[in-house]
Each structure stands twice: as structure tokens, then as C-alpha cells.
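Please work through the following exercises with the sequence and the structure at hand. Each task is followed by a solution in steps.

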Amino acid sequence: MNALIQEELFPEETLQRLPLSYRYMARLHSEGFQENFSHHRFSRSWMHASNAYIGTGTYKPLHDIVLQDLFAD
Amino acid sequence: MILILTYDAYEQGTDPVVDWLLEANVPFVRVTATDLVRRRIRYQIDVDRQDVYLDGQSVKESVRVVWYRRFLGEMPDVGRAAGPHRAQLQAEVSTEIRHLFEYLCFILKDRPWLPAPGKTQLNKLEVLNHAQASGLNVPVTRVINNRRDLEELYRRSPNGLITKLIADVRKPYVQAETTYVAVTQVVDAERIEPMSEYFFPTLFQEKVPAQYEVRIFYLDGDCYATAIRSSEPEHVDRKLNGSQKTHYLPYRLPDALTGQIRELMRRLDLNTGCIDLMRRPDGAYVFLEVNPVGQYLAESEHCRYQLDRKIANWLITHNAA
């Protein structure tokens, strides 16, 4: 994902007819770009299957701590 | 019955909600643009009666609530056989489906929608004005077509400039092992110098110095806020920094800011959306944008908000009303 190289996708003639954003497109490895969903899923139904219903490990404990409790804001 | 308008392909925000609907044993139907054209279900839309018939059965009355989840974002492909006419044909077919969708919105206009039909594709510039009117700070924003005005804006922007597309059309261009994507990028003197005198009108904004980003999932008046910070921010667009370096913490919004967000959503006639803010080192919050169909799972899971369950509960409640 982070192998970012600046390189133009379109030829100069086309770029002149496009917003400047197309001139600065990020060039990424397709494998690592999660939004291609080639090898990435951010949600899976099996997490909620009846034999493990909402029983997946939690990333963080359930609590009421917010950022302001940890750091002066 | 709950009508879910979504993708045929994987859509990360839909499945977790569907799981909760299954658990609650609530009737729902999940429909995609592909369903409308693929020859696998028999249906007709009776314009005279303003009704939809599935296998000969009227469904209009049974639909009590509608969840719009990026339905128009995935259009069926007309295929390569169309040859040189493919682009034109694809545009025409997409328009045909969009008009069909608009008619479905019309005949179901009296139902509660999440979010309301016609409110899913906002004009980013218009939204900034609504944010201002709601009392929110917004970054200095210009659409510029020439180097002279851009240079002047750059000189008056001590924190630098960024550029991004006006519209949310950020689909990746995939070429085998390489993917190109138009993300938010910094515009500096090095980039301005080779620019031609005039160029395509492009959106520029002052770069907001951020202590951290605040992302809010808004659902019918409730705000679920997350502070997001990249430990090694290499890029101005968080999506490029990699999830390993991105940290999420639940965040308590100041009451005044919550009020401003609610006012903004009221003005936009939105009952849901993902709102992006920057928190400056001086404590001020700067509004960036709102996406009515934004992704919410990362913040939900990291902060244990169970937003998928809250969306499902909203749908279930309105289905029962």
C-alpha cells in the first residue's frame, strides 16, 4: 500500500484537459491497495455466524474511555 | 419489510447490518442495480398504479423503510462486445438505470429513508457553505483555473495548500499490478512552477495543520466520534499512510460542536453520514466534508461503537413504526 511513486497515468495531451489532481495521482501496488478488495475484506458474515455470534475478539475492551481521558486536550 | 439498496459485489458496510437483521428475524430484501438487469427475477413496475410487482405480487405496501447503501455506485457493465461504442452505451445504460432508480425513489418517497433519496451525492463546495452557515470553521477554499491566482493563494497560505477533486469520483484505475488513484495531494512551489498559465478548474484548499483528525458517524441526531492519528504521516491523505500506523480512539465532542454538526445535517436534510474534521493544535475544529454513505466499520470496531447494530436497530424501529 505504501509503495507510493508519483507517476502520471495519462499522457500530457489528456492531462491538460483534466483537473490537476489527475497529474498527481498516487501510483500504488494493486495487491496492497485495500480498496481494490482483491485480498481484503473488512467485514465477514462468518464473524456473526450462529456458532460464534458476535463472539469475535474485540480489538479494545468495552469501556467509556475517550481520548480526553488519556491526553490533555 | 426493509428494502436495502446496495452493491452486488462486496460492500463492507452492508453485510454487518444484514447480519443483525437476520439475527432479529426481520424481513428485508437486498436489491442491487445488477438485480434490475440480470435475468434472474421476474418483476414489473406499474407506473399507472405506482407499484412494483415481484413474481406478480405487489411489494410497495410491504416496504416500510429503505436503506440506501451506494446502490448507484455499481452499474452493470455492457461488456467489451460493444466495441468502440462501449463508453457511450455504458453512459446511456447507466442513465437508464438511474432514471429507473429515481422513479423507485418517487413511489417510495413517503417511506423513511436512510439517507433520504437524492441526498447521497452532495456538492462538496455547497456543503462547505452550509457548514459555514452552521457555525463550523472551514478551510480557505478556491476553485482556480490559472497559475497567477494560485501563486497568490499559495503566498497567503502559511501552512501550504492541498488539492482534491470537487466531486467524489475517486475510483481507482487498475492496470494489472499497478493502481492509480486521485487522492488529496499537497501543492507546493515545486508543483506550481511548471504549471501552464491556464488549466482545468481545480479545487485548492489551505492545508489544515492537524493535531489529529476527528471522524464522526452521524445517525439521526447522535454523533459517534473517533480521533484518528497517524503515527508516521508520510502523506496528507490518510488512506495512503497504511492502517498499521493509524490509531483510533473514542472521542468526546464538545457540546457546541455537536450542535453545529446537527445544524449542518439539518440544513443538508441528512439523517446519516460520515463527517470529517481536523483538530488544529490551537484547539479549533475545521470541517472538511461529509459523506452520506461513508464507511464506518473501522471506527466502529476500534472504538466498540457497534455502529452496524445501531444502523440495524434504526431500520428495525422504523420498519415497525
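**Exercise 1.** How are α1(B) and α9(B) oriented to each other?

*Solution.* Begin with the model itself: it is predicted, local features need pLDDT of at least 70, side-chain atom pairs count only at pLDDT 80 or more, and totals for chains, interfaces and linings use all residues. Residues are numbered from 1 along each chain as its sequence is written, chains are lettered from A and ligands numbered from 1 in the order in which they are written, and side-chain values use heavy atoms, without hydrogens and water.

Step 1. Locate helix α1 (residues 15-24) and helix α9 (residues 307-320) of chain B. Helices (H or I, at least four residues) and strands (E, at least two) are DSSP runs, numbered from the N terminus.

Step 2. The two axes come within 8 Å and cross at roughly 55 degrees. Axes are lines fitted to C-alpha atoms, for helices over the stretch in contact, and angles run from 0 to 180 degrees between N-to-C directions.

Step 3. α1(B) and α9(B) are therefore oblique to each other. Angles under 35 degrees count as roughly parallel, over 145 as roughly antiparallel, 65 to 115 as roughly perpendicular and the rest as oblique.

**Exercise 2.** Identify the residues in the contact of α1(B) with α9(B), and class them.

*Solution.* Step 1. From α1(B), the contact (heavy atoms within 4.5 Å) involves P16(B), V17(B), W20(B), L21(B) and A24(B). From α9(B) come D308(B), R309(B), I311(B), A312(B), L315(B) and I316(B).

Step 2. Nine of these residues are nonpolar, none is polar and two are charged. Ala, Val, Leu, Ile, Met, Phe, Trp, Tyr, Cys and Pro count as nonpolar, Asp, Glu, Lys and Arg as charged, and the others, Gly among them, as polar.

**Exercise 3.** Describe the lining of the largest cavity.

*Solution.* Step 1. On a 1 Å grid over the protein atoms alone, a cavity is a set of points where a 1.4 Å probe fits but cannot get out, and lining residues have an atom within 4 Å of a point. The largest cavity holds about 80 Å³ of space; grid points are joined across faces, edges and corners, and a volume is the space filled by probe spheres set on the points.

Step 2. Its lining consists of 14 residues, and W67(B), R69(B), F217(B), T272(B) and P292(B) lie nearest the centre.

Step 3. Two or more residues each come from β6 (65-68) and β17 (272-279) of chain B. β17(B) gives the most, with three residues.

Step 4. By class, this lining has ten nonpolar, three polar and one charged residues.

**Exercise 4.** Which peptide bond is cis, with omega near -15 degrees?

*Solution.* Step 1. The cis bond runs from L114(B) to P115(B).

Step 2. P115(B) belongs to the loop between β7 (113-114) and α4 (124-133) of chain B.

Methods:
1 Å grid on protein atoms, 1.4 Å probe; cavity = no way out; pocket = protein on both sides within 12 Å on 5 of 7 lines; lining within 4 Å.
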